[in-house]
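Here are my notes on the structure you asked me to look over. They are set out point by point, chain by chain.

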Amino acid sequence: MKKYAFLPAVLLLWCVSLSSARAEPVKCFESRKGASEVTQRMIGENLPNVKCSPKTGAVLWWGDPLDGTVPMGDMPVADADYNRGKAVVKPRTDKVGLLPLCGNTCHTGVLPSGFPQNKDTRQLVMMHQAIVLDATKLPHGRGSIWCLDCHHSTKRNKLVDHRDNPISFDQPQLLCGKCHGEVYRDWREGIHGKRIGEWASTGTKRWFVCTECHNPHNVQHGERNRGIAQHQPENAPALPKGMKTADHERRQHGAAKH
Amino acid sequence: MDKLKRFAVDYVTYVVKGSPAFYAWIALLCALILGLLYGTYLHAADGLRYTGLTDQVHDGLYLANFVFLVGIAAGAVTIVFPAYVYHHKALHSVAVLGEMLAISAVLMCMLFIVSHMGRPDRLWHMLPIIGIYNIPNSMLAWDTLVLIGYLFLNFIGGFYYLYKKYTGQPLNDKFYLPLIYVSIVWALSIHTVTAFLLNTMPSRPMWHHSMMPIRFISTAFAAGPSLIVLIFLIVRARTRLWIENSAIDLLATIITYCLGLALFLTLSEVVTDLYANTEHAMGLQYLMFGMHGFNDLVPWFWGSLAAMIVAFAILLTPYWRTNYRLLAIACILAFCGIWIEKGMGLLVPGFIPTPIGEFTQYFPSTLEIFVTLGNWAVGFLVLTVLLKGAIGILLGEIAYAATAQDKTISGNAEVSIAPELT
Amino acid sequence: MHVTNKEKICNQQSPAEGCACSGQAPGAAPADNVSSRRNFLKSAGMLSVNSLLGTAALMTMSDDARANMDWAEWFQGNYRLMSDEEKALARARLERRYSREYGKAVTVDGTPAQEGVLMGYALNIKKCIGCRRCAKACVEENNQSRGKDQEIEWIRVLKMEKGEFSKEKMNQGYPEGLGIQVGGNAYSPAGVVLEGEHYYQPEAVPEKGSVYMPIACMQCEKPPCVKVCPVRTTYREADGPVVIDYNWCIGCRMCMSACPYWARRFNWSDPKLPKEAMNPVTHYLGNRPRMKGVVEKCTFCIQRTRKGRYPACVEVCPVGARKFGNLLDPNSEVSRIIERKQVFRLKAELNTYPKFFYFMD
């Protein structure tokens with residue numbers, strides 16, 4: 001129902017953007033490169049939906065933090081103290097559609113005969129390797145979990161909980177919280193993770209879900225072993241007047257070393 | 001009232017006349033003031049962008065000179081105090097010269113503050129009633145108060161004395177002496193408050209120690225009388241006003257004590273800071289030895305220390321101290337040494353490193369140097385004029401009776417023997 | 001659709017004063033010529049009553065009276081002491097000047113502090129990756145001067161080495177050979193606070209072996225900068241942030257000396273702010289364009305936070321290290337962090353009582 005209200009607005013904006021400038025639409029990434037993206041456009045006079053970094057392409061400023069969001073839905077935790085009506089997320093279910101070929105051959109909704117019925121670790125073939133190069137060495141869980149611990153075995157555009165119930169891709173926290181309970185708790189309370197919008201505890205907020213910041217297929221990032229991938233940093237501040245370089249900063253530390 | 005008008009007219013006609021050397025000196029000062037005018041114009045038009053100041057080192061040459069000159073202003077009390085408290089005869093007769101020095105020094109302080117400010121056009125915001133005067137919280141507000149007060153005390157005291165001398169009337173001690181005693185204590189207050197201006201900020205550990213007021217006063221009472229001794233020697237050489245040896249000797253003694261104390265305090269600070277060598281000693285370390293490859297201030301620090309030690313050695317030896325040629329050298333060394341130590345040597349390491357540990361450098365720009373010279377030139381111009389007038393009155397060359405007499409004898413009498421003050 | 005959302009923000013945040021959300025105000029047309037006056041007046045109707053009063057007062061002036069307007073700005077009193085009418089006038093005057101200078105409708109908001117709010121901030125120092133997105137977002141939002149001539153950033157991110165202890169350094173005591181008990185590993189910077197790199201520029205962050213520490217204004221409860229200001233142009237607002245009336249600042253820079261966090265910046269010349277990049281939604285005490293010779297600093301994005309929005313730096317942090325909220329609300333993010341996590345205040349020994357907390361998971 002709400003979609004019908006959105007449609008004219010989208011059309012209008014589309015027309016406006018066509019008539020005003022035919023410049024190539026600028027796409028920026030929201031939190032991490034490779035995850036959710038947003039296309040730059042004007043949402044009012046002198047008001048862009050986002051401003052992006054010319055250097056890194058990251059969103060630097062939100063004109064409308066709630067743009068394109070939908071209600072997040074319930075959190076099935078008894079003490080989840082959050083404002084249900086005012087917690088919104090950016091949906092990504094529409095982005096996880098399957099290629100027709102995949103849907104016809106393997107992911108038909110039932111487990112094809114001949115496929116292993118258990119969740120034992122085994123090598124994957126074909127397109128899955130683009131996501132995880134070697135599924136037997138999934139860099140998440142250090143060998144103790146495997147694809148079907150998170151992905152539903154038959155409903156392939158759904159995640160899965162402990163009892164094989166499907167979980168929407170819009171709510172990966174329900175899945176991640178299975179193991180990362182402590183982090184999940186912090187996230188529910190706004191201590192962990194990112195939210196934008198209104199700061200009041202009763203305010204409307206867009207919640208960034210786990211996978212918008214973390215890449216679940218590669219959480220270790222090699223030697224660094226951190227949950228966040230490396231980013232290209234923004235430019236360093238301008239050097240103070242009279243300074244040519246900042247080489248002095250890389251000298252030895254300690255008060256007595258001069 | 002008529003007398004007062006006469007006084008003004010005689011005073012002005014006297015001070016504008018002089019030898020070619022006097023005019024050359026004035027011309028030099030005016031040339032420097034042109035630089036100041038240009039700099040002030042640029043500051044007003046474009047802000048302080050032409051200075052070498054940065055967000056890291058945001059107070060530089062201007063504030064450094066301000067701090068030093070407050071000391072010079074306070075140092076004038078080294079004449080007034082012995083003259084009126086210990087009734088030192090020789091100093092008593094020339095005490096007014098100290099007040100003239102104080103007036104010009106305070107004036108320079110004010111000029112440097114105006115140069116330093118980002119919005120001098122909004123100075124009126126500091127005025128009580130039409131603006132907001134943040135007293136008692138702001139040390140800068142206190143400093144303004146004591147400096148303006150000191151200017152008035154010296155102006156009133158000095159010109160009251162000169163006027164009475166001019167008319168030949170006796171001083172009204174009930175009015176004059178309290179003024180003098182207040183101004184003596186007030187002199188201490190201006191430099192104490194200037195020290196408080198800096199050392200009440202724990203954000204700058206280099207400054208944040210309780211020794212700063214006494215160190216300020218001891219250096220001021222060394223640098224101030226050094227300048228006075230130099231002025232006295234010039235006055236003796238170039239004018240007919242004779243200043244007794246005993247006056248100069250007493251000042252030399254004061255310089256000796258105060259310079260010794262200043263050196264001792266410097267030593268105390270160095271030992272206190274560098275023994276434990278905490279993060280808070282980085283500023284001093286940067287100043288003394290350089291840090292992270294930055295060592296532009298190092299020669300200045302050691303040069304200043306050497307100058308002060310040599311001056312102290314000369315002053316400490318009676319045989320050298322009484323040789324006025326050597327004494328002059330000692331005074332120049334002490335003056336310059338303290339100017340460096342208390343100016344750039346104190347301010348800049350307060351900003352390097354910044355409170356969050358950034359190391360930078362500060363290079364005063366050419367314009368900054370010109371403005372600084374210009375401010376000094378204004379001060380010296382005022383000082384020259386004030387001293388010349390004061391000396392003329394002390395010599396009796398400007399006198400109410402004399403002018404009246406001159407008038408009756410010859411219509412166009414001129415002060416024929418103007419002091420060749422340079 | 002953004003309209004729907006904006007309305008939500010407005011209604012929710014300020015039900016009492018109606019929808020005075022200046023986020024909508026860019027609808028006001030540039031009042032550069034007489035023909036656009038009607039538009040201007042009409043759109044001004046969307047503004048708060050105060051602004052309207054000011055605008056109406058300005059309507060009586062001709063465009064030739066610009067110089068007079070600048071004079072009026074010069075003569076205006078301290079914002080904190082102005083009556084509501086004077087405040088509205090001052091803001092309307094600025095709105096007109098800015099709209100003229102930047103060629104778009106600029107709003108200067110004056111929303112006062114809300115009761116029951118004490119703004120607080122928390123930063124997860126373990127999460128920060130040093131990407132400096134916060135520093136740049138702040139510039140986008142707060143109209144700082146940018147470019148080669150004068151670049152101002154309110155947030156400084158420090159990179160600190162974790163340091164390494166090594167066998168090789170075991171025999172490198174300092175000073176050498178004096179038998180003093182200082183080991184060669186003494187100066188390994190592990191755990192060193194505030195001795196970092198400010199101008200690091202690697203290909204990617206976070207680097208292995210580095211930790212990052214962003215520093216900006218701490219909005220102290222007992223701010224030393226406020227105490228030293230000779231004209232009380234910088235003061236603590238009732239809801240917490242320390243603000244500056246840029247029109248009252250005399251540029252003495254005492255506050256910059258007094259700040260232990262190096263949070264204040266000075267406009268050495270008139271700010272270089274490109275017209276197209278200028279953010280037209282401003283607050284008098286916040287991000288309105290500054291002038292030469294005055295000090296500026298972080299205000300917790302007062303133009304946003306007073307309207308309910310998160311500060312700009314919070315919204316762009318890619319790792320969610322930055323948290324903002326009401327310290328008086330036990331359910332706010334910051335209150336929960338203080339309750340649940342170990343927090344520390346930078347340079348707590350100075351008793352400035354920052355409302356900016358660092359914490360770790």
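This is a predicted model: local features need pLDDT of at least 70, side-chain atom pairs count only at pLDDT 80 or more; totals for chains, interfaces and linings use all residues.

1. Confidence in chain B. The mean pLDDT of chain B is 92. In this chain, 95% of the residues reach 70 or more. Helix α11 of chain B, residues 298-316, has the highest confidence, at 97. Helix α16 of chain B, residues 400-409, has the lowest, at a mean of 59.

2. A stretch to treat separately. Over residues 408-422 of chain B, the pLDDT is below 50. The stretch still has 31 contacts in the model beyond near neighbours in sequence.

3. Domains of chain A. The domain assignment gives two entries for chain A: domain 1 covers 23-64, and domain 2 covers 70-224. Their C-alpha centres are 25 Å apart.

4. Where the chain A domains touch. Domain 1 of chain A gives six residues to the contact, and domain 2 of chain A gives eight residues. What is the make-up of the side of domain 1 of chain A that touches domain 2 of chain A? That side has two nonpolar, two polar and two charged residues.

5. Chain C overall. Chain C holds 11 helices and 12 strands. It has 361 residues, and 55% of them count as buried. Take the contacts in chain C with a separation of 6 or more: 65% of them join residues 24 or more positions apart.

6. A sheet in chain C. Four strands form an open sheet in the order β10-β2-β12-β11 of chain C. The pairing is mixed. Which strands are at the edges? They are β10 (322-326) and β11 (342-344) of chain C, and each pairs on one side only. Neighbouring strands of this sheet are turned against each other by 30 degrees on average, direction ignored.

7. The β2/β12 pair. Strands of a sheet pair through backbone hydrogen bonds, either parallel or antiparallel. In chain C, β2 (residues 119-124) and β12 (residues 356-360) pair in the parallel sense, over four bridges.

How values were computed: Residues are numbered from 1 along each chain as its sequence is written. Chains are lettered from A and ligands numbered from 1 in the order in which they are written. Helices (H or I, at least four residues) and strands (E, at least two) are DSSP runs, numbered from the N terminus. A residue is buried if 20 or more other C-beta atoms lie within 10 Å of its own, exposed if 12 or fewer, and partly exposed in between; C-beta atoms are placed from the backbone. Two residues are in contact if their C-beta atoms, placed from the backbone, lie within 7 Å. pLDDT is the predictor's confidence in each residue, from 0 to 100. Domain bounds come from an automatic or database domain assignment. Ala, Val, Leu, Ile, Met, Phe, Trp, Tyr, Cys and Pro count as nonpolar, Asp, Glu, Lys and Arg as charged, and the others, Gly among them, as polar. Two strands pair if DSSP finds at least two bridges between them. Axes are lines fitted to C-alpha atoms, for helices over the stretch in contact, and angles run from 0 to 180 degrees between N-to-C directions.
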